[in-house]
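Colleague: I am new to this one. Please take me through a single part of it, slowly and in order.

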Amino acid sequence: MFLLQLLNHLAPLYFLCLLAVTLSLQLFLFLPDMCDERSDAVPLSGLLHSFFFLFLLVNTLGNYILVIWNSPGAGGVSAEVELPDRTICRLCARVLWDQEHHCFFTGTCISRSNLRSFVLFCLHSSLSCFHALVTGVGFISTNFTLSFCDPLTFLRLLPLSITRFFSGSLVSSDMLVVLMLYLWFAVGLACAAFCCHHLLMISTGPSSHKTQTTEQNAPTWTENLQKVFGKQWLLAILLPRVTPKT
Ligand SMILES: [Zn+2]
């Protein structure tokens with residue numbers, strides 16, 4: 001229980017640190033690097049990257065706050081209670097129903113009330129990581145005069161950077177960018193996998209619902225998705241929105 005509580009505090013801290021480092025690198029290293037020093041005008045690529053970066057930042061942070069804001073809260077289930085065939089979240093003291101789980105990164109249970117914000121948080125976190133990865137690769141290829149056309153360059157980059165760093169020919173900020181490239185790649189893939197897994201679960205519907213309905217009146221996968229994301233699902237992807245209370 002102590003380890004779970006520790007993880008429940010460390011995981012949000014890890015997310016906030018990752019966000020702070022990504023934000024600092026984007027604002028103080030990548031975006032200024034895209035601007036031409038000889039000219040005051042910001043190039044189109046810089047403007048596009050700034051817009052995309054702001055869009056992803058607002059959506060990632062907005063949905064993260066909404067997941068916590070709409071959390072189901074404590075269920076009042078005692079830690080000693082044993083329920084057959086039911087999992088209990090000891091941290092939130094509540095029974096976990098179909099398709100529910102505890103997310104350590106937000107420090108709360110994911111239920112119907114915050115599922116939409118959670119899936120969108122995973123989606124935008126994944127896109128943020130891949131956007132940072134692309135801008136980071138652009139920064140490294142310019143400053144290292146490296147071509148990433150060969151996929152093996154990504155594998156050779158880490159040993160090459162470590163050698164250069166310890167020989168004194170690579171500054172700490174560049175070394176940090178190289179390490180972050182691998183972290184963004186791993187976190188981006190994990191968030192994308194989580195997002196796809198939940199989309200698949202939502203589209204198939206809760207298992208308890210399946211046993212109560214016959215083949216004919218079982219809801220389709222689009223109806224299941226619409227129940228969570230609503231009819232204005234595109235607007236929900238573009239802007240973090242509060243889930244209406246049902
Ligand atoms: Zn929980």
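Colleague: Which residues have the most contacts inside the largest nonpolar core?

Modeller: Bear in mind that this is a predicted model. The residues with the most contacts inside the largest nonpolar core are Phe-118, Val-119, Phe-121 and Cys-122. That core has 29 residues. Two or more residues each come from α1 (2–34), α2 (44–69), β4 (108–110), α3 (115–143) and α5 (172–204). The largest share is from α3, with 10 residues.

Now take Val-119. Neighbours within four places in sequence are left aside here. Val-119 is then in contact with Cys-195, His-198 and Leu-199.

Next, the record. UniProt, in an unreviewed entry, places the feature "transmembrane region" at residues 12–31, 51–69, 118–140 and 175–200. Look at two of these spans in the model. Residues 12–31 are 100% helix and 0% strand. Their end C-alpha atoms lie 27 Å apart. Residues 51–69 are also 100% helix and 0% strand. Here the end C-alpha atoms are 26 Å apart.

Last, go to helix α1, where Asn-8 sits. Asn-8 counts as partly exposed because it has 18 C-beta neighbours inside 10 Å, and a buried residue needs 20 or more. Asn-8 and Phe-104 are 96 residues apart in sequence. In space, their C-alpha atoms are 4.9 Å apart. Leaving aside neighbours within four places in sequence, Asn-8 is in contact with Phe-104, and also with Leu-91 and Gly-107.

Technical notes: Residues numbered from 1 in each chain as written. Predicted model: local features only at pLDDT ≥ 70, side-chain atom pairs only at ≥ 80, totals over all residues. Core = buried A, V, L, I, M, F, W, Y, C linked by C-beta atoms within 7 Å. Buried ≥ 20, exposed ≤ 12 C-beta atoms within 10 Å, placed from the backbone. Helix = DSSP H or I, 4+ residues; strand = E, 2+ residues; numbered from the N terminus. Contact = placed C-beta atoms within 7 Å. UniProt positions renumbered as here; feature names shortened; annotations may be inferred.
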